[in-house]
Amino acid sequence: MKILLLEYITAGGLNHAPLPASLLREGTLMRDALLRDFSQLDEVEIITTCDTRVGLPAVVQQAIVLDHKSNQIPVWQSLLQSCDAALIVAPETAGVLTELTQLIEASPAKNLGCNSKAVELTSSKYASYQALKNASILTIPTYIASELMASNLSLNGSFQHGYIIKPNDGAGCEDTLYFADIEGLQVWLDLNPEKQNYIVQPYQTGTPASISMLCKDGKAWVLACNEQKIAMTTTDANQQFIHYNGSVVNGLSLLHRATFEKLADSIAHALPGLNGYVGIDVIVDGEAIYVVEINPRITTSYIGLRESLACNPAQLIWDLADDSSFEWTPNLTAKVVDINLNNKNE
């Protein structure tokens, strides 16, 4: 059984561009965790590609090195033709994850991730908001920046704690800013007219958190209830950027597991194209849990899952894909595991 595993940053997805240090660190940790876990499945051969600027993974049967002259898409298409299954971790930005998911769907390989329609929908934060709202799932009001600024909505009470602006198709906290007032947001948009299609959300107070879950055919199984490490940095231009510095895997399991499980079921039912591992970003504010966005792919919290659950999460992903009568493993642990992406604190 051959499985193609690709983590976009380390696998050569940016082989024609500089490698951002923060993305490289996060991508390498995810890659190594996935390769370690999947390589321990019975009778499985793992295949991947590797950017020549990145160290070769320690545990893999076949790694094809890609340099700046390589055209990665044809290479991946060719590999898919000889693989039985594939799992790709890539950013939603500019439709990258959607395009790569469609490559899998056009090949003989079984897709271990979400289908392309679900990926395309959840790659748009605005479309995700509309889908969640239509399913009566509590979420944060979301507006297209140009439309918001042209209306009086920006003055309503929901923005009493400030404004968050970010790319509609961004991954993680990419280019995400906080503004305390509408005037600061307007000045920034005037200076960056190309970002009128960004989305704006009211700043929601509470605890940043995430759900790591498995999905299939409208059903969900919660793996972990995580607390997220979110920080703000003020620049010389008095702009406040929001950063993701890691997570505490199962840090919120004792407090919120039952509520997170109910929410996971609702999301899986509303979006039955979600499949395999999915991450849900939420904000916990008292008894209310607001869905921020849906990540139709492996997320950073996966790095700590094996230690937290005391089992191989890749085995669960594989069993879910391979067995129409998947049964949840009831004896999983929920050890708290800290994932730190901030080099300065190490």
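**A walk through the predicted model**

Phe-159 is buried, and Tyr-163 is buried as well; buried here means under 20% relative accessible area, exposed means over 50%, and partly exposed lies in between, with a 1.4 Å probe and protein chains only. Before going on, a word on the ground rules. This is a predicted model, in which local features need pLDDT of at least 70 and side-chain atom pairs count only at pLDDT 80 or more, while totals for chains, interfaces and linings use all residues. Residues are numbered from 1 along each chain as its sequence is written, and side-chain values use heavy atoms, with hydrogens and water left out.

Let us stay with the rings. The structure holds 9 aromatic pairs. Rings of Phe, Tyr and Trp (for Trp, its six-membered ring) pair if their centres lie within 6.5 Å; planes under 30 degrees apart count as stacked, over 60 as edge-to-face and the rest as tilted. Phe-159 and Tyr-163 have ring centres 4.4 Å apart and planes at 15°, so this pair is stacked. Together with Tyr-143, Phe-159 and Tyr-163 form one aromatic cluster.

Now turn to Tyr-178 and Tyr-203. Their ring centres are 5.2 Å apart and the planes stand at 70°, so the pair is edge-to-face. Tyr-178 sits in strand E8 (residues 177-179), and Tyr-203 in the loop between strand E9 (199-202) and strand E10 (207-216), so the pair ties together parts that are 25 residues apart in sequence. Helices (H or I, at least four residues) and strands (E, at least two) are DSSP runs, numbered from the N terminus. With 14% relative accessibility, Tyr-178 counts as buried, whereas Tyr-203 counts as partly exposed at 29%.

Next, look at a pair of helices. Two packed helices are described by the angle between their axes and the distance between the axes. H2 and helix H3 (residues 96-105) pack at an angle of about 30°, and their axes are 9 Å apart. Axes are lines fitted to C-alpha atoms, for helices over the stretch in contact, and angles run from 0 to 180 degrees between N-to-C directions. H2 and H3 are therefore roughly parallel to each other, given that angles under 35 degrees count as roughly parallel, over 145 as roughly antiparallel, 65 to 115 as roughly perpendicular and the rest as oblique.

Which residues meet across this pair? From H2 come Ile-73, Trp-76, Gln-77 and Leu-80, and from H3 come Glu-99, Leu-100, Leu-103 and Ile-104; contact means heavy atoms within 4.5 Å. Sorted by class, the contact of H2 with H3 has 6 nonpolar, 1 polar and 1 charged residues. Here Ala, Val, Leu, Ile, Met, Phe, Trp, Tyr, Cys and Pro count as nonpolar, Asp, Glu, Lys and Arg as charged, and the others, Gly among them, as polar. Ser-78 also has its place in H2 (residues 72-81), and with 47% relative accessibility Ser-78 counts as partly exposed.

Finally, two backbone spots deserve a visit. Most residues other than glycine have a negative phi. Glu-43, however, has a positive phi, near 55°. Glu-43 lies in the loop between helix H1 (21-39) and strand E2 (45-51), and counts as exposed at 74% relative accessibility. Ser-136 also has a positive phi, of about 60°, although it is not a glycine. You will find Ser-136 in the loop between helix H5 (125-134) and strand E6 (143-144), where Ser-136 counts as exposed at 70% relative accessibility.
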